[in-house]
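Visitor: I'm new to this one. Can you put it on screen and walk me through it?

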Amino acid sequence: MNIRCLFVGVLLLIPLCGMGQEVSKEDVLSTICRVADHVIQQTTYRYYDQANGVQIDDLSRYGYNKYVVPQNGYNDWKYWNGVIHIGFNALGKVTGNEKYQSYTKKNFEFFFKDRPYLKSIYKGNDQWHFPVAQGINITQLDDCGAMGASLIELYENNRVVAYKEYIDMAADYIMYRQQRLDDGTFSRPVPNNHTVWADDLYMSVPFLIRMWKLTGIELYMEEAVNQIFLFDKHLYDEKVGLMWHCYYDDLKVNGGTYWGRCNGWMMVAIADLLRFLPENHSRRNEVIALLNRQIQNLAQYQSASGLWHQILNKEDSYLETSCSAMFVYSIALAINNGWVDKRYKTIALTGWNGLLTCITDEGAVTGICAGTGIGNDVKFYYDRPTPYNDIHGLGAMFLAGVEISKLLD
């Protein structure tokens with residue numbers, strides 16, 4: 001067990017393994033690089049035939065059958081990999097280590113190498129089981145938002161035509177084909193028609209604001225800003241100061257519960273928007289006010305360990321890593337950029353202290369809630385599993401470490 005676990009209940013400013021020293025920027029980056037290196041070691045850049053155990057380097061030559069899958073989750077076209085890519089890019093910039101930014105480039109080269117072949121044989125198969133199908137046929141924000149945002153970051157320095165073709169396809173989908181409520185809020189047809197998912201603020205806004213940065217077309221920026229306020233209108237519960245997981249437009253009521261990671265998705269989306277939003281934008285101060293309000297409210301739900309709970313207002317629900325990393329990242333980013341008062345620094349540092357207890361010596365991360373849909377009862381969220389080193393929270397861990405390192409610089 002990581003020795004830092006011994007200090008989980010002690011609210012000190014980042015104790016280093018009980019030695020009475022403050023952790024430095026170098027300590028933080030060393031820890032987060034250990035997590036990143038573990039991901040790199042697990043990424044094989046191969047497909048795998050589950051029927052006969054064959055590892056496939058060139059899928060177009062091998063041929064596809066229903067048993068062929070990416071050998072590991074890091075090589076699939078899923079939104080969590082988009083977050084991981086953005087985290088790797090940030091880690092590469094702050095460390096100056098080329099291998100972290102190269103990771104994103106290598107991943108997309110893998111995706112696009114076999115994409116033409118897979119696209120030629122794709123016949124509307126189940127997108128969650130056909131290899132990289134979400135990178136071929138966009139039917140929801142999960143398919144394109146996070147991956148598209150990370151692809152824009154790559155495209156800025158690697159002007160590959162196929163990348164731009166995908167980016168334009170994603171932009172067209174988000175702007176003109178994604179389902180919306182009558183007021184323009186992005187919604188989904190599941191679990192009920194016109195359900196607003198808090199998750200979708202992240203699945204849209206980071207892409208849109210980067211698309212504005214890439215193209216200079218203000219329509220993308222204004223859409224990103226508008227969605228921030230529309231989601232807040234439908235999901236914020238003023239009584240508890242938290243976001244509901246969803247809004248059912250057919251019933252005009254909220255659903256799910258105050259799930260940690262959905263609050264994290266919204267907070268990161270708001271913080272990410274502010275990274276790019278022009279200083280003179282007419283609604284910039286309103287966006288900053290939303291982020292301040294969220295930080296102030298979430299501070300009241302932080303546990304003594306520094307972590308937040310799976311259900312934020314339920315102390316008998318387990319402490320959850322991914323939402324904690326999202327909050328730590330957003331708060332540290334806000335302080336580093338002067339969007340919030342520096343007195344919130346202790347919230348971020350105590351949160352990082354808690355996150356240290358979730359990182360094993362080999363660089364795996366524990367306590368991350370598995371992929372989660374909308375639950376009709378609170379017990380659904382209580383019972384969500386936390387698989388070892390679950391991929392849903394790794395990108396957030398990279399981002400949290402990067403911003404904490406800057407906070408300590």
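Visitor: What share of the contacts between residues at least 6 apart in sequence join residues at least 24 apart?
Guide: In the protein chain, 66% of them do. Contact means heavy atoms within 4.5 Å.

Visitor: What am I looking at, and how do I find a residue?
Guide: This is a predicted model: local features need pLDDT of at least 70, side-chain atom pairs count only at pLDDT 80 or more, and totals for chains, interfaces and linings use all residues. Residues are numbered from 1 along each chain as its sequence is written, and side-chain values use heavy atoms, with hydrogens and water left out.

Visitor: How many helices and strands?
Guide: The protein chain has 15 helices and ten strands. These are DSSP runs, numbered from the N terminus: helices are H or I with at least four residues, strands are E with at least two.

Visitor: How much is buried?
Guide: Of the 409 residues, 60% count as buried. Buried means under 20% relative accessible area, exposed over 50%, and partly exposed in between (1.4 Å probe, protein chains only).

Visitor: Which residues have the most contacts inside the largest nonpolar core?
Guide: That core has 143 residues, and the ones with the most contacts inside it include Phe 108, Tyr 202 and Trp 339. A nonpolar core is a set of buried Ala, Val, Leu, Ile, Met, Phe, Trp, Tyr and Cys residues joined through side-chain atoms within 4.5 Å.

Visitor: What does Tyr 202 touch?
Guide: Leaving aside neighbours within four places in sequence, Tyr 202 contacts Val 83, Ile 86, Ala 146, Trp 265, Val 268 and Ala 269.

Visitor: Switching over: where is Gln 227?
Guide: In helix α9, residues 218-235.

Visitor: Why does Gln 227 count as buried?
Guide: Because its relative accessibility is 0%. Beyond four places in sequence, Gln 227 has contacts that include Arg 180, Phe 186 and Leu 201.

Visitor: Is Ile 359 buried or exposed?
Guide: Ile 359 is buried, at 1% relative accessible area. Ile 359 sits in the loop between α13 (345-356) and α14 (378-382).

Visitor: Last one: which strand holds Val 69?
Guide: Strand β3, residues 68-70. Not counting residues up to four places away in sequence, Val 69 touches Tyr 47, Tyr 48 and Gln 50.
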